Amino acid sequence: MKALILIGGFGTRLRPLTCSMPKPMLPIINRPFLEYQFRLLKKYGIRDVVLCVAYMPNDFRRHFGSGKKLGLNITYVHEKEPLGTGGAVKNAAKYINGPTFVLNGDILSDVNLKGMYDFHKSKKGLATIALARVKDPTMFGLVETDKKSKIERFIEKPSWDEVTCNTINAGFYIIEPNVLSFMPSGINYSIERGLFPTLLKEQLDIYGYVFRGYWLDIGTIDKYLQAHYDLINSGADFDMPGKMRQDNLWVGNKLKWGKNVDLNGRMVCGNNVNVGDFSQFIGNVCLGSNVRIGQGSVVSNSVILDNTVIGEGVRIEKSVIGKNCTIESSSSISANSAVGNKTVISRHSRF
Ligand code: GTP
């Protein structure tokens, strides 16, 4: 079986990080996010992958190439202008010649793809949408099903008095080739707001596969950080990069660990990390490769990407600092900040 992954969006909610890097290439625990989706596909024996690219397509090509090193066979289908989630699928029509998985390229999940495929086969619908259960459905598009799991209604971002269920579109689909005839060519078109409502209107059967596993859309700064916290805390279930140095610290090669460093939480370090004397790490912290933390700095619940240098006496709280940044000494970065790649923040700055 084949999988299409939709990775052509601009990722505007993750700006400024996505100004110089497409969202699916942003590292999560020091690996490009897309690798997590590749791992999921490989776990279920899916090796033929079609990447639907539009924004910064060469970043993917350069990094993953033909996919051979990852044990995958990757084909790239390029949109000159982003065509939307549905337009991207239509643009890749020639690769859809049987039931095909379609994945949003920004969902971290352990959805059981075999369970979903067996469900799809047993229901014999034109499409199956994976449905995740969430506590607050008002932020999402609700999907209502009947007792036989047939989808009856889509409700976009409902208010609380419109909430009738807690199942939302999880951004993983199986489609049959015949759905392509309901999709217009060459125009921007949405799979969620265009294709699926059209199939319902035509009284065609689409089904919802509710799963209980992990599900997170990494598309905002808050959720991007949450993905790190969840993986850092998932312990044995997750193949953490590097070596476990103590039960709350995973490190790459050539770590320099200063005197009197206080680690009060869990931390992951890439290669060649230098942690200054008297620095302090609180909660969940992830440092990329070649990161330097100056003496006496305090980093809590934050992600610092590769090649960034943090000066002395800096405070960083619940934030993401991009690649190749310099945060000069005595600066302070408050919660929910995102600093774009190659930014220089001068001494004593406050954010
Ligand atoms: P925001 O701008 O922050 O909403 O992010 P986004 O552009 O990624 O949009 P969204 O989160 O709705 O997209 C869901 C998934 O579909 C992501 O993996 C996107 O990369 C992908 N996607 C969205 N639009 C397109 C498109 O026009 N073409 C392709 N190939 N993929 C798209």
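Let's start with one residue. Ile29 lies in the loop between S2 and strand S3, and S3 covers residues 31-32. Look at its backbone. The phi angle of Ile29 is near 50 degrees. That is a positive value, in a residue other than glycine. One reminder before we go on: this is a predicted model.

Pro16 is found in the loop between strand S1, residues 2-6, and strand S2, residues 27-28. What is the peptide bond from Arg15 to Pro16, cis or trans? It is cis, with omega near 5 degrees.

Next, the domains. The chain is divided into two parts: domain 1 runs 2-221, and domain 2 runs 241-345. Taken over C-alpha atoms, their centres are 33 Å apart. How many residues of each domain are in contact with the other? On the domain 1 side, 9 residues; on the domain 2 side, 16 residues. Between them, domain 1 and domain 2 bury an area of about 1000 Å². Carbon and sulfur atoms give 71% of that area. And here Ile29 comes back. Within domain 1, Leu17, Ile29 and Asn30 lose the most area to domain 2. Together these three make up 47% of what that side buries.

Last stop, the ligand. Take Thr12: an N or O atom in its side chain is 2.6 Å from an oxygen atom of the ligand. Take Glu79: an N or O atom in its side chain is 2.7 Å from a nitrogen atom of the ligand. Phe10 uses its backbone instead: a polar atom there is 3.0 Å from an oxygen atom of the ligand. How much of the ligand does the protein bury? Taken alone, the ligand exposes 610 Å², and the protein buries 83% of that.

What is the shell made of?

Methods
Residues numbered from 1 in each chain as written. Predicted model: local features only at pLDDT ≥ 70, side-chain atom pairs only at ≥ 80, totals over all residues. Heavy atoms only, no water. Polar contact = N/O pair within 3.5 Å; in protein donor to acceptor, adjacent residues only side chain to side chain. Areas by Shrake-Rupley, 256 points an atom, 1.4 Å probe, with all protein chains shown as cover. Domains from an automatic or database assignment. Contact = heavy atoms within 4.5 Å. Buried area = accessible area lost by both parts, 1.4 Å probe. Helix = DSSP H or I, 4+ residues; strand = E, 2+ residues; numbered from the N terminus.
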